Amino acid sequence: MPNKILFYSTNHNAPKVPFKDALLKGQAPDKGLYMPETIPRFTTEEIREFSNLPYHKIAYKVAEKFLFGQISSQVLSTITKDSYNFEVPLENVYERKYVMRLDQGPTASFKDFAARMMGRQMQNFLKEEKRELLILTATSGDTGSAIANAFYKLDNIKVVVLFPEDEVTARQRKQMTTLGENIQILGLKAKFDDCQSLVKQAFADPELDYLKLSSANSINIGRLIPQIVYYFYAFAKLSSGDPEEKVIFSIPSGNFGDMMGGMLALRMGLPVKRFVIATNENDEFPRFVKTGEYNKIQPSRNCISSAMNVGHPSNLARFVDLYGGEMDENGIVSKMPDLEQIRKEIYTVSINDSQTEETIIKAYKKHGLLLEPHGSVGWAGLMNYLKNHKEFDTEEQLCISLETAHPAKFPEKIRQLLQFDPTLPPSLQGLEAKQEAFDKINNDYISFKKYLQDNY
Ligand SMILES: *Cc1c(COP(=O)(O)O)cnc(C)c1O
């Protein structure tokens, strides 16, 4: 049996810790992000065997590789089974081009995958230690509702979610503000980046140590591991069986948590030809890969794929680390990653709002494929890649683009572009009638801190 996997900080100035500590802390004390010290691997044979397994069993196998010796197999099996009690459709579009719909969870966004498993893991460890945590998280829409729903009524955990009032849809807001119990929602007249900055200040404030704060944002390693799973799942289910086959994934990206899941899957042995990393007009990452120069976008640009309006992706330090570089929490690169290797493994492209809208119309008219703005950025990215790489634009090439939210979460956009109302999935029905409750605070740290001190 190999040794337990420990987790180090990307800033290299904090002790290595076991999974439990990385999970409960969120961010490392030196403000870096936790990464696994070794990346476990699957054999080709093991990956092939996934094709017969239900999703939750694949989730178990992936998580077990990282967590063995740190959580009992029975507990892990219960957690994965409870977390993944919904479908993960793989929709054929044309030839061997697919869309993986990660929108069937309780809040109809892909963030349910990570949040549900992380919440249950946290609850398990907190109960073991007989202690409590306060989760602080900033959301540009989907994280907040996924976290709020995933943690709703879990024991030993309270949650505070900050959201920019003008950047989330009414439905996204209602998915958070109609819960109550252990979930508190705070609205701000500010941008997502401002909300995220308040949360970061609270974490760094020693006067709030007594609150036992933890983050559930995409920087938490507990969210990253579950995001590896669907890449294995999709490949195993769709692979032709040819041992030489390699898949192309396209990932609509904002904070790059989803993409990091894919990158780790690749390191674990998944045969990926290319990752297409598609952003909206917040194109700091494509420019970085192209030029080697990193410049944040402040404030971030407001695009219709609102959950990807990120001017400085919180997972970027992990990505840089994976390629041998170093980037601190402010985006300062002290050591360049291997750009040549990056360009071999990923192709990255920025898709603007009008391309996003055109793609929604075209995909529907041409293929009957219904996309919302985020999934449209992913699909447009894939089409762009294939157009520029004719050698891979073949009938046999397996390509899988990720749809990260349900189209019914963006009814105004779909109605405007396609002139119909997408059908609501069962998880989103009945929201209108529920009572909303949330507090408002000013966009300054003093108000936020006082709110926390007065209420917790
Ligand atoms: C969060 C989100 C994304 C971006 O995911 P990252 O992991 O932050 O890159 C894309 N689409 C939707 C619908 C999201 O909610």
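This report describes a helix pair and a sheet in a predicted model.

## Basis of the model

Local features need pLDDT of at least 70 and side-chain atom pairs count only at pLDDT 80 or more, while totals for chains, interfaces and linings use all residues. Residues are numbered from 1 along each chain as its sequence is written, and side-chain values use heavy atoms, without hydrogens and water.

## Helices H10 and H11

Helix H10 (residues 226–238) and helix H11 (residues 257–267) have axes that come within 7 Å and cross at roughly 60°. H10 is therefore oblique to H11. Helices here are DSSP runs of H or I with at least four residues, and strands are E runs of at least two, numbered from the N terminus. Axes are lines fitted to C-alpha atoms, for helices over the stretch in contact, with angles from 0 to 180 degrees between N-to-C directions; under 35 degrees counts as roughly parallel, over 145 as roughly antiparallel, 65 to 115 as roughly perpendicular and the rest as oblique.

In contact (heavy atoms within 4.5 Å), residues of H10 including Tyr230, Tyr231 and Phe232 meet residues of H11, among them Met259, Leu264 and Ala265.

## The parallel sheet

An open sheet is formed by five strands in the order S8-S5-S6-S7-S15, with parallel pairing. Strands S8 (213–215) and S15 (439–440) are the edge strands, each pairing on one side only. Pairing requires at least two DSSP bridges between two strands.

Six bridges join strand S6 (residues 157–164) to strand S7 (residues 183–188) in the parallel sense. Isoleucine 183 in S7 is the bridge partner of valine 159. Helix H8 (residues 192–204) packs on the sheet and touches strand S5 (133–138), S6, S7 and S8; the direction of H8 makes about 150° with that of S5.
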